[in-house]
Amino acid sequence: MSPRLLLLIAGGLAALVASIAFAVTIGPADISTADVWAAVTAHLGLGEGTLPPLRDGIVWNLRMPRTLLAAVCGAGLALCGAVMQSLLRNPLADPFVLGVSSGASTGAVAVVVLGVGGGAVSLSAGAFIGALLSFGLVLALSHSLGGSTDRVVLSGVAAMQLFSALTSFTVLTSADADTTRAVLFWLLGSLTGAGWSDVLLCAVVLAAVLLVCLGHARTLDAFAFGEEAAAALGVRVARTRLVLLCATALLTATLVSSAGAIGFVGLVLPHATRALTGSGHARLLPVTALAGAIFLVWVDSAARTVIDPQEVPVGVVTSLIGVPAFVAVLYHGRRKT
């Protein structure tokens, strides 16, 4: 590992820890970083609990899991975006290009609006099942069409439109006004109600997928020269593409089922990070994940406070920030070329 990469990772981790500690203090209740430290050390068995139960509950049960889930979701979406852009050789690819987000939305709406599962299936479980069904449809369709990269993208677009239409039809025909508002808020991305179980599940899946992607870093470098060139270098193109597509789809499905569809993180962050690391994926992937984590922690903090006491869906804020940021990245790339 090069000194520059070590510096980037160490700096990124320090910035992430500081961002999480500061973000937990933001909110109506007056919480200091000392309170955050006291609560964390007490619950980890590293010190005695000195906070009143109410303040301890605000830090440990409300703000900390939400902030950590924001970090995990940001890291996962940015990682998936970087892998998808390289794997599909498409700079506009993002984690939702395989229709996973639309499938998750349909699954969530089916549970909330239609009552599928009879109360035994939660919104997150319904979203996860819908995401996997959508991805399965994309795999089956792209395989029947030849399995090439462009067929995968087109199959994802078809699945996205299909499940978006199903979601809209279900909401319009079966939901009342209150249910429609709640579903719309979730569809735009929301970390409200985040719990430690969500954090643990998403973090475990993120760690597993990150290891898989780092193990294929050199293969992703070969994909930059095209599938034929990668095959000439000894890469098993079809197998590698299937493994990485399944890994990123699984991670995206897990994140969307917990936080809804949060756009632009997986599209913008990989482009911005390449300016620091270059195109080598052994450097790009971990730094992109850290950048995504830091970015979404601050976006969620803004979403909670910008029009307090109301809360803005996280996906709305990422889009408002992501669009001008993406345009700036495009102009920067144009000047370099």
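How many positive and negative side chains does the protein chain have, and how far apart do the centres of the two sets lie?

1. The protein chain has 17 positive and 15 negative side chains, and the centres of these two sets are 15 Å apart. Here Lys and Arg are counted as positive and Asp and Glu as negative, while His and the chain ends are left out; each charge is placed at NZ of Lys, CZ of Arg, CG of Asp or CD of Glu.

2. This is a predicted model, in which local features need pLDDT of at least 70 and side-chain atom pairs count only at pLDDT 80 or more, whereas totals for chains, interfaces and linings use all residues. Residues are numbered from 1 along each chain as its sequence is written, and side-chain values use heavy atoms, with hydrogens and water left out.

3. The protein chain has 14 helices and 0 strands, where helices (H or I, at least four residues) and strands (E, at least two) are DSSP runs numbered from the N terminus.

4. The radius of gyration of the protein chain is 20 Å, which agrees with the value near 20 Å for a compact globule of 337 residues; it is taken over C-alpha atoms, and the globule rule is 2.2 Å times the number of residues to the power 0.38. Along its principal axes, the C-alpha trace spans about 65 × 55 × 40 Å.

5. Of the 337 residues, 50% count as buried, meaning under 20% relative accessible area with a 1.4 Å probe and protein chains only, as against exposed at over 50% and partly exposed in between. Of the contacts (heavy atoms within 4.5 Å) with a separation of 6 or more, 75% are between residues 24 or more positions apart.

6. A search of the whole structure finds 0 disulfides, a disulfide being a pair of cysteine sulfur atoms within 2.5 Å. Cys 80 is in no disulfide, and its nearest cysteine sulfur, that of Cys 213, is 6.9 Å away; Cys 202 is likewise in no disulfide, with the sulfur of Cys 73 as its nearest, 5.1 Å away. Cys 80 counts as buried because its relative accessibility is 1%, and Cys 202 counts as buried because its relative accessibility is 0%.

7. Where in the helices is Arg 241 found? Arg 241 belongs to helix α11, which covers residues 237-259, and it is buried, with a relative accessible area of 9%. Leaving aside residues up to four places away in sequence, Arg 241 touches Leu 87, Gly 147, Ser 148, Thr 149 and Glu 227.
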